[in-house]
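Subject: Model for your files

Dear colleague,

Here is the model I said I would pass on. Please open it alongside this message and read the notes below it.

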Amino acid sequence: MSSPIVHIDIHGGNEPAQHRFYAELFGWHVDAKGPGYALVRTPPGGPDGALVESEHAPGVVFGVAVDDLDAAVERAAALGGAVVMPPTDNGWVVKAQVTDPAGNRVTLIRSTPTDAS
């Protein structure tokens, strides 16, 4: 099974400049949700995401949908990655964050809701 990229987080400083850059260069809709965080809508078929203000090094983290989040986290670790954030329910999605062997972060997002009944 192939897992699609479903979300991107773009980290950087200077929040107003970041918002303007992505809105004006690509025509993405940037919706500020509070200090340091804005939702980003890309054209249909592209992943949506967020602009995240960060004092640390700028970077891009992509989110990949997986059917079995726990198994994907275990597999990432077995393949030489590291777990940065264990599976966590943030109220919108259940996700985890791992690094690849080179240290690049990847967010794993549960693609199917759990059965709460």
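The notes below cover the sheet, the cavity, the aromatic rings and the chain ends.

This is a predicted model, in which local features need pLDDT of at least 70 and side-chain atom pairs count only at pLDDT 80 or more, while totals for chains, interfaces and linings use all residues. Residues are numbered from 1 along each chain as its sequence is written, and side-chain values use heavy atoms, with hydrogens and water left out.

**Sheet**

Helices (H or I, at least four residues) and strands (E, at least two) are DSSP runs numbered from the N terminus, and two strands pair if DSSP finds at least two bridges between them. Eight strands form an open sheet with mixed pairing, in the order β2-β3-β4-β1-β5-β8-β7-β6. The edges are β2 (29-34) and β6 (82-89); each has a single partner strand, so one side of each is left without a neighbour in the sheet. From one strand to the next the twist averages 20°, with axes taken as lines fitted to C-alpha atoms (for helices over the stretch in contact) and angles running from 0 to 180 degrees between N-to-C directions.

Strand β1 (residues 5-12) is antiparallel to strand β5 (residues 59-66), and six bridges join them. In that pairing D9 is opposite V61 of β5. With strand β4 (residues 48-53), β1 pairs in the parallel sense, also over six bridges; here H11 stands opposite V52 in β4. Strand β3 (residues 37-41) runs antiparallel to β4 and is joined to β4 by four bridges. V40 has G49 of β4 as its bridge partner.

**Cavity**

On a 1 Å grid over the protein atoms alone, a cavity is a set of points where a 1.4 Å probe fits but cannot get out, and lining residues have an atom within 4 Å of a point. Grid points are joined across faces, edges and corners, and a volume is the space filled by probe spheres set on the points. The structure has one cavity of 30 Å³ or more, and the largest cavity has a volume of about 40 Å³. Its lining consists of I10, G12, G13, E15, Q18, H19, L51, V52 and E53. Two or more of the lining residues come from each of β1, α1 (15-26) and β4. By class, three of the lining residues are nonpolar, four polar and two charged; Ala, Val, Leu, Ile, Met, Phe, Trp, Tyr, Cys and Pro count as nonpolar, Asp, Glu, Lys and Arg as charged, and the others, Gly among them, as polar.

**Aromatic rings**

Rings of Phe, Tyr and Trp (its six-membered ring) pair if their centres lie within 6.5 Å; planes under 30 degrees apart are stacked, over 60 edge-to-face and the rest tilted. The count by this rule is four aromatic pairs. F21 and Y22 have ring centres 4.9 Å apart and planes at 80°, so this pair is edge-to-face. Y22 and F26 make a tilted pair, 6.0 Å centre to centre with 35° between the planes. These two are four residues apart in helix α1 and therefore separated by about one helical turn. Ring pairs link F21, Y22, F26 and W28 into a cluster.

For relative accessible area, buried means under 20%, exposed over 50% and partly exposed in between (1.4 Å probe, protein chains only). Y22 is buried at 14%, whereas F21 is partly exposed at 42% and F26 is partly exposed at 45%.

**Chain ends**

S3 lies in the segment before β1 and is partly exposed at 31%. S3 and S111 are 108 residues apart along the chain, with their C-alpha atoms separated by 9.3 Å.

Regards

Technical notes. 1 Å grid on protein atoms, 1.4 Å probe; cavity = no way out; pocket = protein on both sides within 12 Å on 5 of 7 lines; lining within 4 Å.
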